[in-house]
Amino acid sequence: MKVVVIGGTGLIGSKLVAKLREHGHEAVAAAPSTGVNTLTGEGLAEVMAGTQVVVDVSNSPSFEPAAVMKFFETSTRNLLAAEAEAGVGHHVALSVVGTDRMPDNGYFAAKIAQEQLIQKSGIPYSLVHATQFFEFVRGIADEATRDDVVRIAPVLFQPIAGDDVAAAVGRVAVGQPLNGRMEIAGPDLFRMDDFFRETLAGWGDPRQVVTDPHARYFGAELKERSLVPEDGAALGSIRYADWPGRDADGR
């Protein structure tokens, strides 16, 4: 089948395109660099021709609350309109575990708005909620750092490899629409503060990790299960301890 991957040149998108092609599908990487711009609508009608499935793994270039809200609302509206016009039968979107538990996080609020547009569109859909990617561990540590101290809440944390995310999204894309959501996570459950303490030590990073129950995660205070899935989530197979990028100085 023809599958258009919005954000198909990014971290997850490029992995997804490769996996779909390996299984014989016509996977199209759609991004501004390939002539498809969901914010302006450029190239959308053309790329939708003959498409059965659209997978949106795109991301906002800015995490500033107003900018990220504008990105997801504008992009999603344009995308859904083009899909409706072309008769696309399945819309898949990648989102984040815990969006509905942290509405004061500007990024999560924008993802909630995106999902609401998808649910109201009338197009059969599937939402895949993933936990934090292994590839973003460095960014999480950096965002939590003040004066060489990394403040992390002692909550549950269950990150997942980007390759496992792409594999799970690919399976959903070629299956029947869920008309609902599923959650995916890594195979191992950690205490977040312990995870970062051990990880930074493994990098030889001199920053001190301090356990702080009130430490904020991208602006939001966390509860015990804010970042982990409910029972029944699909689990990836790649453990952080075995992930090739783990010892690459975190970069």
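This is a predicted model: local features need pLDDT of at least 70, side-chain atom pairs count only at pLDDT 80 or more; totals for chains, interfaces and linings use all residues.
**Helix pair α3/α4.** Helix α3 covers residues 65-86 and helix α4 residues 106-120; I get a packing angle of about 15° and axes 8 Å apart. Angles under 35 degrees count as roughly parallel, so I put α3 down as roughly parallel to α4. I noted the crossing of these two helices as right-handed.

Next I looked up who touches whom. From α3 I listed P65, V68, M69, F72, E73, T76, R77 and L80; on the α4 side they meet G106, Y107, A109, A110, K111, A113, Q114, L117 and I118. Sorting the residues of this contact gave me eleven nonpolar, three polar and three charged.

**Three-stranded sheet.** I then traced an open sheet with the order β6-β7-β11 and mixed pairing. Its edge strands are β6 (145-146) and β11 (208-211), each pairing on one side only. Helix α7, residues 192-203, packs on this sheet and touches β7 and β11; I read about 170° between its direction and that of β11. I also checked β6 against β7 (residues 149-152): they pair in the antiparallel sense over two bridges. Opposite T145 I found V150 of β7.

**Strands around β9.** Which sense does the pairing of β5 and β9 have, parallel or antiparallel? I found it parallel, with four bridges between β5 (residues 125-130) and β9 (residues 181-185). Here V128 stands opposite M182 in β9. I followed β9 on to β14 (residues 234-235), where the pairing is parallel over two bridges. For A185, the bridge partner in β14 is L235.

Definitions and conventions. Residues are numbered from 1 along each chain as its sequence is written. Side-chain values use heavy atoms; hydrogens and water are left out. Two strands pair if DSSP finds at least two bridges between them. Contact means heavy atoms within 4.5 Å. Axes are lines fitted to C-alpha atoms, for helices over the stretch in contact, and angles run from 0 to 180 degrees between N-to-C directions. Angles under 35 degrees count as roughly parallel, over 145 as roughly antiparallel, 65 to 115 as roughly perpendicular and the rest as oblique. A crossing is left-handed if the near helix is turned anticlockwise from the far one by less than a right angle, and right-handed if clockwise. Ala, Val, Leu, Ile, Met, Phe, Trp, Tyr, Cys and Pro count as nonpolar, Asp, Glu, Lys and Arg as charged, and the others, Gly among them, as polar.
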